[in-house]
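Trainee: I'm new to this one, so could we go through it together, starting with a charged pair and then moving on to a pocket?
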Amino acid sequence: MTTRTTPQAKNGSNDRHKRDLDAIDKKILTLLQQDGRATNQWLAKQIDLSPTPCLERVRRLEHEGFIQGYRAVVAPDAVGYPMLIFALISFDRAIDGVYEKFRAGISQIKEIVECYMITGDVDFVMKIRTADISAFRELLEEKILKLPGVRITHSYVVMHEAKVGGTVPIAD
């Protein structure tokens, strides 16, 4: 997946935004989530603004971290990764520095496309893409189970992707 990040996104800032968004900013965010390649001219028409102030608003939204980047949505099956698996990980926190080692480890495994620390009976959920079930089994045995802190895994193969590519709701 190709990603172009904004300066704010590169810094990894999770700070709360200092200002409220007006209706035009909200419309820009909504439209850009639907099509990140929309031209400034098209965007300006949609929000009933001339191109220069529209571009200034987009740049300000990028600079302030409201827009973290732009991506190409790639068809997983077209690039050889049609199987989607969610793996739930129970974690052993007794080891010093294990979380940092775990994070470093998962960052090196390209098939783990997302990983979240969660609440509940397990500690992490991973979104994984592989070519097939045998590739997943090898990934699990050779890499995931060898990650620092991994105690138990539960894996769930996705049979159908009912909703993908969701957008962040923009409050009215």
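Trainee: Is E64 buried, exposed or something in between?
Mentor: This is a predicted model, and in it E64 has a relative accessible area of 25%, so E64 counts as partly exposed, since that class runs between 20% and 50%.

Trainee: And what does E64 pair with?
Mentor: E64 forms a salt bridge with R19, and the closest N and O atoms of the two are 2.7 Å apart. R19 sits in the loop between α1 (7–10) and α2 (23–34), while E64 sits in the loop between α4 (51–63) and β2 (69–71), so the pair ties together parts that are 45 residues apart in sequence.

Trainee: Which other residue does R19 form a salt bridge with?
Mentor: R19 also forms a salt bridge with D25, where the closest N and O atoms are 2.9 Å apart. R19 itself is partly exposed at 24% relative accessibility, whereas D25 counts as buried because its relative accessibility is 0%.

Trainee: Which residues make up the network of salt bridges there?
Mentor: The linked residues are R19, D22, D25, R57, R60 and E64.

Trainee: How many salt bridges turn up in the whole structure?
Mentor: A search of the whole structure finds 10 salt bridges.

Trainee: Switching topic, what volume does the second largest pocket have?
Mentor: Its volume is about 310 Å³. The elements that give two or more residues to the lining of this pocket are α5 (98–107) and β4 (112–117).

Trainee: Which of them gives the most to the lining?
Mentor: That is β4, which contributes six residues. The lining as a whole consists of Y99, F102, R103, I106, S107, I112, V113, E114, C115, Y116, M117 and F124.

Trainee: How do those lining residues divide into nonpolar, polar and charged?
Mentor: The lining of the second largest pocket has nine nonpolar residues, one polar residue and two charged residues.

Notes:
Residues are numbered from 1 along each chain as its sequence is written. This is a predicted model: local features need pLDDT of at least 70, side-chain atom pairs count only at pLDDT 80 or more; totals for chains, interfaces and linings use all residues. Side-chain values use heavy atoms; hydrogens and water are left out. On a 1 Å grid over the protein atoms alone, a cavity is a set of points where a 1.4 Å probe fits but cannot get out, and a pocket is an open set with protein on both sides within 12 Å along at least five of seven lines; lining residues have an atom within 4 Å of a point. Grid points are joined across faces, edges and corners, and a volume is the space filled by probe spheres set on the points. Helices (H or I, at least four residues) and strands (E, at least two) are DSSP runs, numbered from the N terminus. Ala, Val, Leu, Ile, Met, Phe, Trp, Tyr, Cys and Pro count as nonpolar, Asp, Glu, Lys and Arg as charged, and the others, Gly among them, as polar. A salt bridge is a side-chain nitrogen of Lys or Arg within 4 Å of a carboxyl oxygen of Asp or Glu. Buried means under 20% relative accessible area, exposed over 50%, partly exposed in between (1.4 Å probe, protein chains only).
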